[in-house]
Amino acid sequence: MPPVWYKSAPYRSRAVIDPRGVLADFGVTLPDDVELRVWDSTAEIRYLVVPERPGQTDGWTEEELATLVTRDSMIGTGRALTPAQRPRAPS
Amino acid sequence: MNGVHDMGGMQNFGPVVPEAGEPRFHAAWERRAFALTLAMGGARVWNLDQSRAARESLPPAQYLASSYYQIWLDGLIKLMLERGLITREELAEGRMHEPPVPIPNVVTADKVTAALARGSPTERPLAGAARFRVGDAVRTRVLNTPTHTRLPRYCRGKRGTVTMTHGAHVFADANARGQGEPQWLYTVRFEGSELWGSDTSAAAVHVDCWEPYLEAG
């Protein structure tokens, strides 16, 4: 199930006209030269974002990279985790 | 319908507020309203687009003042009243007065998991060829459909470019009227400036458009 914010009037009204402002509400600030493209899924097709690969991940396996992917990074309201933000693997 | 549900581009709703822990429900009745709506959807007395139409055609002031699941519950009540599955007296008293109306399908607990996993694919076979191809310049028609439509107000009469084709799918506008004919479905890219002028931070907005929404641009 989607989180409540995804179904709320603020998100539904603003994502298509001011995505940079919506990202700021999530604490995500991107450089001005990063172009923002919105996908409004008006039919039954659903989209997910393949997040940009973070730095410091040369030589990582697919499984290791997957640990950096969050739900929000696939919605497009956040970036993938950096290696430093990665949750610690169970030992 | 040009209803308040079609709020893309409206301003002054305030910031998006993520919640810690993201609780799915905020009261026990919300869980029940959600389950009831899914169960009655599975009864096949109405389709998905008819249930959307019921929610969207609630009185505008009521819609905007209601929580998400309150809208679901009010939409469900409306559908059940319209189709004679409950009466106003039964609703008011919480007791059955009339014998139950037969329904095409009863979603019992043992069927729920499989039904949810199966989903409701909308792709359909359609003879002939799609009118547009990737790269084609198109313009959305200026439509003010009084019944359910999925063409947002913010992208009517706007020029765009087809970026994806998806085959033919159940056409929501017709499905909401109980007519099932599929239509070709496209993803159309609109430049932010085409939709909003300079008052936007979107470089582009992609919208899924069925062929009846489009003309050659």
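Reader: Leaving aside its neighbours within four places in sequence, which residues is T145(B) in contact with?
Author: The model is a predicted one. T145(B) sits in the loop between strand 2 and strand 3 (159-170) of chain B. With neighbours within four places in sequence left aside, its contacts are M1(B), N2(B) and D173(B).

Reader: Is T145(B) buried or exposed?
Author: The cut-off for buried is under 20% relative accessible area. T145(B) has a relative accessibility of 18%, so the residue counts as buried.

Reader: Which elements does chain A have, and in what order do they run?
Author: Chain A contains four helices and one strand. Read from the N terminus on, the order is α-α-β-α-α.

Reader: What share of the residues of chain A count as buried?
Author: The C-alpha trace of chain A spans about 45 × 30 × 20 Å along its principal axes. Chain A exposes about 5,800 Å², and carbon and sulfur atoms supply 53% of that area. Of its 91 residues, the share that count as buried is 36%.

Reader: Among the contacts in chain A with a separation of 6 or more, what percentage is due to residues 24 or more positions apart?
Author: A contact here is a pair with heavy atoms within 4.5 Å. Among those in chain A with a separation of 6 or more, residues 24 or more positions apart account for 39%.

Reader: How far apart do the centres of the positive and negative side chains of chain A lie?
Author: Chain A carries 11 positive and 13 negative side chains. The centres of these two sets are separated by 6 Å.

Reader: How many salt bridges are there over all chains?
Author: Side chains of opposite charge can pair when their charged atoms come close. The rule applied here asks for a side-chain nitrogen of Lys or Arg within 4 Å of a carboxyl oxygen of Asp or Glu. Over all chains, the count of salt bridges is 15.

Reader: D25(A) forms a salt bridge with R14(A); which parts of chain A does the pair tie together?
Author: The closest N and O atoms of D25(A) and R14(A) are 2.8 Å apart. D25(A) lies in helix 2 (residues 19-25) and R14(A) in helix 1 (residues 9-14), so the bridge ties together parts that are eleven residues apart in sequence. D25(A) is partly exposed at 24%, while R14(A) counts as buried at 19%. The parts tied together are therefore helix 2 and helix 1 of chain A.

Reader: With which residue does E52(A) form a salt bridge?
Author: The closest N and O atoms of this bridge are 2.7 Å apart. The pair links distant parts of the chain, 27 residues apart: E52(A) is in the loop between strand 1 (37-40) and helix 3 (62-66), and its partner is in the segment after helix 4 (71-75) of chain A.

Reader: Which residues are joined into one network by salt bridges that share partners?
Author: A separate salt bridge is the one between D72(A) and R71(A), at 2.9 Å from N to O. D72(A) is partly exposed at 21%, and R71(A) is partly exposed at 36%. The network joined through shared partners consists of E44(A), R46(A), D49(B) and R52(B).

Reader: What kind of aromatic pair do F132(B) and Y186(B) form?
Author: The structure holds 17 aromatic pairs over all chains. The rings of F132(B) and Y186(B) are 5.7 Å apart centre to centre, with 70 degrees between the planes. Planes over 60 degrees apart fall in one class, and this pair is accordingly edge-to-face.

Reader: Where in chain B do F132(B) and Y186(B) lie?
Author: Both residues, F132(B) and Y186(B), are buried. They are 54 residues apart and link distant parts of the chain. F132(B) is in the loop between strand 1 (123-124) and strand 2 (137-140), and Y186(B) is in strand 4 (residues 182-191).

Reader: What is the phi of N12(B)?
Author: N12(B) lies in the segment before helix 1 (28-41) of chain B. N12(B) is exposed, with a relative accessible area of 77%. Its phi is positive, in a residue other than glycine, and is near 85 degrees.

Technical notes. Residues are numbered from 1 along each chain as its sequence is written. Chains are lettered from A and ligands numbered from 1 in the order in which they are written. This is a predicted model: local features need pLDDT of at least 70, side-chain atom pairs count only at pLDDT 80 or more; totals for chains, interfaces and linings use all residues. Side-chain values use heavy atoms; hydrogens and water are left out. Helices (H or I, at least four residues) and strands (E, at least two) are DSSP runs, numbered from the N terminus. Buried means under 20% relative accessible area, exposed over 50%, partly exposed in between (1.4 Å probe, protein chains only). Accessible areas come from the Shrake-Rupley method with a 1.4 Å probe; for residues, only the protein chains shown count as cover. Lys and Arg count as positive and Asp and Glu as negative; His and the chain ends are not counted. The place of a charge is taken as NZ of Lys, CZ of Arg, CG of Asp or CD of Glu. Rings of Phe, Tyr and Trp (its six-membered ring) pair if their centres lie within 6.5 Å; planes under 30 degrees apart count as stacked, over 60 as edge-to-face and the rest as tilted.
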